[in-house]
Amino acid sequence: MENRYKSVFDIIGPVMVGPSSSHTAGAVAIGREGNRLFGGVPKKVTVHYYGSFAQTHRGHGTDYAIAAGILGFTTDDLRVPRAPEIARQRGIDIRFVEEEGPSPIGHPNTAILDMSDGEKKAQLSGCSIGGGAIEVRDIVLHGINIKPAGSLPIVILVDFERKLNHERSLSDFLKLKAPFEEKRIYKSHACYIYEYDIQNYFKPDLTGELRKKYPHIICL
């Protein structure tokens with residue numbers, strides 16, 4: 001899968017608490033997308049590291065960066081280095097596992113987040129591609145394995161009514177406001193999931209508009 005940057009700022013990198021744009025800022029971003037996917041802060045997270053992340057996460061601050069993202073902190077938040085301590089104080093169990101072998105999603109800077117709160121479970125597989133930019137290449141939600149192209153933004157609508165008219169409505173809306181490269185439909189007995197790979201970054205107010213119009217939408 002090719003690395004794709006959508007802005008010059010993806011290459012320059014964000015304002016950040018360091019030391020590394022790929023292993024720290026990128027790790028914060030992976031954690032934040034986990035928070036967005038889960039719909040808030042999960043009670044328990046197991047972080048599986050692969051490749052370079054597994055080898056260098058302690059020295060590059062990847063642990064506290066992932067924890068900061070899970071808590072919803074931004075890359076420039078001065079609390080980032082204290083995130084594991086803050087998580088413990090809030091009763092959030094975050095554990096880190098160094099995995100051997102190649103990344104399941106084909107990138108050396110891989111973190112897979114297994115998140116739960118006792119009732120709800122979700123998994124996000126992300127990789128840091130440089131400059132603080134990330135890709136999300138695999139998601140498990142409501143027992144359904146979702147395979148986005150990788151680049152953000154990604155829009156996911158969970159349709160518990162299993163009525164394709166919701167998909168048609170969202171597709172028409174996105175064609176006007178946020179054109180997408182590709183759409184995928186996943187079906188199970190519990191729900192349908194519609195996943196969209198968006199071409200460009202959202203305008204500032206669009207996420208709020210989507211959430212107001214579609215209650216079960218997820219914007220990564």
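In which loop is P153 placed? The place of P153 is the loop between β6 (144-146) and β7 (154-159), where helices (H or I, at least four residues) and strands (E, at least two) are DSSP runs numbered from the N terminus. The peptide bond that joins L152 and P153 is cis, with omega at about 0 degrees.

The model is predicted, and local features therefore need pLDDT of at least 70, side-chain atom pairs count only at pLDDT 80 or more, and totals for chains, interfaces and linings use all residues. Residues are numbered from 1 along each chain as its sequence is written, and side-chain values use heavy atoms, with hydrogens and water left out.

The secondary structure of the chain consists of seven helices and 10 strands. Of the 220 residues in the chain, 53% are buried; buried means under 20% relative accessible area, exposed means over 50%, and partly exposed lies in between (1.4 Å probe, protein chains only). Among contacts with a separation of 6 or more, 67% link residues 24 or more positions apart, a contact being defined by heavy atoms within 4.5 Å.

An open sheet is formed by four strands in the order β8-β9-β7-β10, with antiparallel pairing; two strands pair if DSSP finds at least two bridges between them. The edge strands, β8 (180-187) and β10 (217-219), each pair on one side only. On average, neighbouring strands of this sheet are turned by 15 degrees against each other, direction ignored. Axes are lines fitted to C-alpha atoms, for helices over the stretch in contact, and angles run from 0 to 180 degrees between N-to-C directions. Strand β8 is joined to strand β9 (residues 192-198) by seven bridges, and the two run antiparallel. Within this pairing, D197 in β9 is the bridge partner of E182. Helix α6 lies across β7, β8, β9 and β10 and runs at about 15 degrees to β9.

Strand β7 contains L157. This residue is buried, because its relative accessible area is 5%. The C-alpha atoms of L157 and I218 are 6.2 Å apart in space, although the two residues are 61 residues apart in sequence. Apart from neighbours within four places in sequence, the contacts of L157 are H166, L170, Y192, I193, Y194, Y214, H216 and I217.

The largest nonpolar core holds 44 residues, of which L37, I66, L141, I156, I193 and L220 touch the most other members. A nonpolar core is a set of buried Ala, Val, Leu, Ile, Met, Phe, Trp, Tyr and Cys residues joined through side-chain atoms within 4.5 Å. Helix α2 (residues 21-38) gives the most to this core, namely six residues. At least three residues of the core come from each of domain 1 (8-141) and domain 2 (151-220), the bounds being taken from an automatic or database domain assignment. For I193, with residues up to four places away in sequence not counted, the residues touched are L141, I144, I146, I156, L157, V158, R184, I185 and Y186. Another core, of 17 residues, lies apart from the largest one and includes V155, A178, F180 and L210.

Helix α4 (residues 62-70) is largely enclosed by the rest of the structure, because eight of its nine residues are buried. The buried residues of α4 are T62, D63, A65, I66, A67, A68, G69 and I70. Just after α4, G72 takes a positive phi of about 90 degrees.

Positive phi values also occur in residues other than glycine. H142, found in the loop between β5 (133-141) and β6, has a positive phi of about 55 degrees. At 36% relative accessibility, H142 is partly exposed. R162, in the loop between β7 and α6 (164-177), has a positive phi near 55 degrees. With a relative accessibility of 40%, R162 counts as partly exposed.

S116 is located in strand β3 (residues 109-116). Its relative accessibility is 18%, so S116 counts as buried. Beyond neighbours within four places in sequence, S116 is in contact with F38, P42, K43, K44 and K121.
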